[in-house]
Structure formats: C-alpha cells, structure tokens
Amino acid sequence: MILRRLSKHVKGQNWFAVALDFLIVVLGVFAGLQVSNWNEARQDRNQAAALLERLESDFRETRALAIEQNRGYYSNTVKLNELLNRIKTSKTRSLMQKRAGC
C-alpha cells in the first residue's frame with residue numbers, strides 16, 4: 001500500500017507527499033526497532049533478576065552448610081581436647097605412681 005502511494009506521488013511529482021511517505025516508513029522502522037530494543041532490555045532485566053535470586057539461594061545454602069561444618073569441627077575440637085586432657089591426666093598419674101613406687 002505504501003509502495004503504491006509512493007509510486008503514485010512520484011508519478012504526480014508531489015514531492016511533499018513522497019517525503020511524507022518516506023518519513024512515515026522511517027518512523028515506522030525506528031518505532032519497530034525501539035520496541036524490539038525495549039523488549040530485549042526487559043528480558044535482560046528479568047534474566048538478571050532470576051540469576052540474582054538463584055545466586056542468593058546458593059549463597060544461603062552454602063552458608064548453612066559452612067555453619068554446619070563449623071559446628072562439626074568445633075564439636076570434634078572439643079572432643080579432641082577432652083581426649084588430650086585425659087591422656088595428659090593419665091600420663092601424670094602414671095608418672096606419679098612410678099615415682100611413688102620407687
């Protein structure tokens with residue numbers, strides 16, 4: 001339709017109408033590109049938000065695991081200290097008994 005109008009205006013040498021038709025086509029293409037860019041930017045923002053949510057979830061999970069591991073390490077450290085104290089006490093008693101027996 002635009003091409004038909006454009007050729008009609010060119011044949012009739014109506015240059016104002018030709019320029020107006022050309023401007024309408026250019027503005028239409030520009031509007032289409034702009035809408036496409038806006039849509040792509042919106043999709044990028046949505047994708048970034050989804051990635052951030054996944055990262056936050058992963059960080060929370062990793063943090064919970066690290067806390068649990070630290071609790072386990074602390075528990076093991078306490079148990080090892082108790083064992084070392086028992087060994088130390090046992091050695092001290094053994095030495096005292098040896099000295100007393102001498």
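Glu 56 comes out as partly exposed, at 41% relative accessibility (buried is under 20% relative accessible area, exposed is over 50%, and partly exposed falls in between, using a 1.4 Å probe and protein chains only). Its partner in a salt bridge is Arg 60, with the closest N and O atoms 2.8 Å apart; a salt bridge here is a side-chain nitrogen of Lys or Arg within 4 Å of a carboxyl oxygen of Asp or Glu. Arg 60 counts as exposed, at 52%. Both residues sit in helix α2 (residues 15-101), four residues apart, or about one turn.

The model is a predicted one, where local features need pLDDT of at least 70 and side-chain atom pairs pLDDT 80 or more, while totals for chains, interfaces and linings use all residues. Residues are numbered from 1 along each chain as its sequence is written, and side-chain values use heavy atoms, leaving out hydrogens and water.

In total there are two salt bridges. Glu 68 pairs with Arg 71, the closest N and O atoms being 3.6 Å apart, and these two are three residues apart in helix α2, about one helical turn. Glu 68 is partly exposed at 48%, whereas Arg 71 is exposed at 55%.

As for the whole protein chain, it has two helices and zero strands (DSSP runs numbered from the N terminus: helices are H or I with at least four residues, strands E with at least two). The C-alpha atoms fill a box of roughly 130 × 15 × 15 Å along the principal axes.
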